[in-house]
Amino acid sequence: MLLREGLIGLLARFGHQTVAAVGDADALRDAVAAHDPDIVVTDVRMPPGFQDEGLRAAVALRAERPSLPVLVLSQYVQRSYATELLDVGDGTGVGYLLKDRIGHIEEFLDALTRVAAGGTVVDPEVVRQLLRRRRDPLQALTPREREVLALVAEGRSNASIARALVVTEAAVGKHIGNILGKLDLPPAEDTHRRVLAVLAFLRA
């Protein structure tokens with residue numbers, strides 16, 4: 001309840017309108033049907049069981065409405081949650097953030113905007129933990145390419161990655177081309193290929 005009220009206040013403060021604020025998964029689905037929102041922000045855990053009801057509702061909503069942007073907030077890093085979300089539809093317009101990220105207001109609002117615009121955002125802490133895991137099938141990537149892919153998973157644009165690594169956008173584009181080639185991702189719409197690369201990263 002406190003988190004929900006806090007989010008409503010934060011969003012209002014930065015010019016966003018909350019069309020509905022609900023307390024359980026059934027009410028969430030009803031609210032989406034009634035209001036057709038620009039984006040859904042939900043907790044993984046919701047009443048009555050406080051297990052993964054919010055995630056289940058988000059996955060169901062994405063299955064019913066593949067273009068509906070959904071941002072899921074989680075208390076803990078759960079790689080399976082992020083993977084399951086990205087697996088629904090084409091993986092665009094999806095975000096998975098730790099609740100702690102809300103305290104970093106600029107980062108949270110930036111993630112919210114990017115997901116609403118169709119981007120894919122994975123919490124940097126999730127990305128960091130994944131980097132410490134076994135990297136197959138990413139073992140063919142160079143350390144720099146893995147670094148670029150981690151930033152892609154965070155939902156960053158080529159320009160943002162270039163700034164973070166202090167390189168040119170052309171260099172980032174070349175790295176991404178190499179990554180897509182090494183991951184054997186066939187030519188397709190560029191955004192979709194980036195999502196597939198992120199999925200490969202999450203599953204590694």
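Predicted model: local features only at pLDDT ≥ 70, side-chain atom pairs only at ≥ 80, totals over all residues.
Local features need pLDDT of at least 70 and side-chain atom pairs count only at pLDDT 80 or more, while totals for chains, interfaces and linings use all residues. Residues are numbered from 1 along each chain as its sequence is written, and side-chain values use heavy atoms, with hydrogens and water left out.

Student: How many helices and strands does the protein have?
Tutor: Elements are DSSP runs numbered from the N terminus, helices being H or I with at least four residues and strands E with at least two. From the N terminus on, they run α-α-β-α-β-α-β-α-β-α-α-α-α-α. The total comes to ten helices and four strands.

Student: What radius of gyration does the protein have?
Tutor: The radius is taken over C-alpha atoms, and the globule rule is 2.2 Å times the number of residues to the power 0.38. For 204 residues a compact globule would therefore have a radius near 17 Å, and the protein agrees with this, having 17 Å.

Student: What share of the residues is buried?
Tutor: Buried means under 20% relative accessible area, with a 1.4 Å probe and protein chains only. Among the 204 residues of the protein, the buried share is 45%.

Student: How are H7 and H9 oriented to each other?
Tutor: The axes, lines fitted to C-alpha atoms over the stretch in contact, with angles running from 0 to 180 degrees between N-to-C directions, come within 10 Å for H7 (residues 143-153) and H9 (residues 169-182) and cross at roughly 95 degrees. Angles of 65 to 115 degrees count as roughly perpendicular. H7 and H9 are therefore roughly perpendicular.

Technical notes:
Parallel < 35°, antiparallel > 145°, perpendicular 65-115°, else oblique. Buried < 20%, exposed > 50% of the residue type's maximum accessible area, 1.4 Å probe, protein only.
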